[in-house]
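Here is a walk through one model, from its strands to its metal site. Have the structure open and follow along.

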Amino acid sequence: MVDPGSYKEVIKEIKKNFLIPKAILLTHSHIDHINGASKIKNIYPNIKIFSSEKINSLKIHQIKEKTNKIFVINKKIKILHTPGHTLKHISYYIKPYLFCGDTVFSGGCGKLYNEEYFLMYNSIQKICLLPNNTLICSGHEYTISNLNFSKKFLKNIFFKNYFIFVKKYLTKKKILPPTRLKIEKKINIFLLCNNVKFQKKIFFKNEFFYPWDLFYYIRNLKNNTKLI
Ligand SMILES: [Zn+2]
């Protein structure tokens with residue numbers, strides 16, 4: 001399991017599906033991602049907890065800067081170091097799934113608690129290099145708010161139709177299923193910063209020299225935009 005922010009729902013699912021949990025994969029140490037870990041460990045003492053950071057008194061298998069893969073019941077899990085939201089944020093790639101915590105959300109990206117714009121830009125580019133059919137599993141459901149912000153920049157028909165689909169879907173369900181990377185490359189403004197066509201069309205007047213300048217500009221604009 002990845003980032004158990006609480007434990008009751010997780011335990012319920014484990015029991016309902018007769019699962020034997022083997023590992024907890026933590027992307028970063030924010031409380032809403034780790035809060036359930038110790039209770040789950042108490043119930044399943046053999047479970048291994050993987051993390052890039054030490055977490056209170058939890059016994060963890062530390063993922064170091066050089067670690068690029070781990071094994072859980074002989075299954076290889078690729079580690080992507082994705083600093084930006086936090087300095088030691090990591091993502092787990094289990095083809096075709098990417099568990100990217102608070103790095104990329106559908107239509108958006110995580111906040112930067114250390115103002116490391118360049119690191120976050122690079123982490124997002126790293127994710128963009130994964131296969132286009134990668135399923136992005138994010139830490140939160142913020143799609144409507146993200147697309148509401150982006151709609152003033154992205155006016156193409158694909159974006160409009162996708163937004164209609166998302167709004168319809170989220171009237172019935174609480175969260176969207178994981179989106180494909182190839183869709184994010186069309187609707188997620190933060191993945192488009194090195195797209196020259198997009199830069200020129202939308203932001204040419206600001207004359208950004210580097211794509212991370214554009215990323216900085218958009219991220220700050222979003223920080224200062226109040227959305228419902
Ligand atoms: Zn977080």
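## Ground rules

Two strands pair here if DSSP finds at least two bridges between them. Helices (H or I, at least four residues) and strands (E, at least two) are DSSP runs, numbered from the N terminus.

This is a predicted model, so local features need pLDDT of at least 70 and side-chain atom pairs count only at pLDDT 80 or more, while totals for chains, interfaces and linings use all residues. Residues are numbered from 1 along each chain as its sequence is written, and side-chain values use heavy atoms, with hydrogens and water left out.

Start with β6 (90-94). β5 (75-81) and β6 run antiparallel and are joined by four bridges, and in that pairing I79 has Y92 as its bridge partner. On to β7 (97-99): β6 and β7 are antiparallel too, joined by three bridges, and Y92 stands opposite F99 there.

What about the side chains of β6? I90, Y92 and I94 point one way, S91 and Y93 the other. In a regular strand the side chains alternate between the two faces of the sheet. Five of the five residues in β6 are buried, where buried means under 20% relative accessible area, exposed means over 50%, and partly exposed is in between (1.4 Å probe, protein chains only).

The link from β6 to β7 is a hairpin through two residues. Look for P96 in that loop: the peptide bond between K95 and P96 is cis, with omega at about 5 degrees.

## The parallel sheet

Elsewhere, three strands make an open sheet in the order β1-β2-β3, with parallel pairing. Its edge strands, each pairing on one side only, are β1 (23-25) and β3 (61-62). Three bridges hold the parallel pairing of β1 with β2 (residues 48-51), and A23 stands opposite K48 in β2.

## The zinc site

Which residues hold the zinc ion? The protein donors are H28 (NE2), H30 (ND1), H85 (NE2) and D102 (OD), lying 2.2 to 2.3 Å from the ion. Donors are N, O and S atoms within 2.8 Å of the metal (3.2 Å for Na, K and Ca), and water is not among the atoms, so sites may look incomplete. The sequence spacing of these donor residues is H-x1-H-x54-H-x16-D. H28 sits in the loop between β1 and α2 (31-34) and D102 in the loop between β7 and β8 (104-105), so this pair ties together parts 74 residues apart in sequence. H28 and D102 are both buried.

The geometry is irregular because the four donor atoms subtend angles of 91 to 169 degrees. For four donors to count as tetrahedral, all angles must lie between 85 and 135 degrees; four count as square planar and six as octahedral if opposite donors are over 155 degrees apart and all others between 65 and 115, and anything else is irregular.

Not counting residues up to four places away in sequence, T86 touches H28, H30, E53 and N114 (contact means heavy atoms within 4.5 Å).

## Cores and α4

A nonpolar core is a set of buried Ala, Val, Leu, Ile, Met, Phe, Trp, Tyr and Cys residues joined through side-chain atoms within 4.5 Å. The largest one has 36 residues, and L98, I124, I127, F215 and I218 touch the most other members. At least two residues each come from α4 (117-128), α5 (143-150), α6 (157-172), α7 (181-187) and α9 (211-223), with α4 giving the largest share, six residues. Another core lies apart from that one; it has 13 residues, among them I14, I24, I40 and Y44.

In α4, the buried residues include I124 and I127. Leaving aside neighbours within four places in sequence, I127 is in contact with L80, T82, L98, C100, T103, V104, I136 and L181.

D3, in the segment before α1 (8-16), has a positive phi of about 45 degrees without being a glycine, and at 13% relative accessibility D3 counts as buried. I73, in the loop between β4 (69-72) and β5, also is not a glycine and has a positive phi of about 35 degrees; I73 is exposed, with a relative accessible area of 65%.
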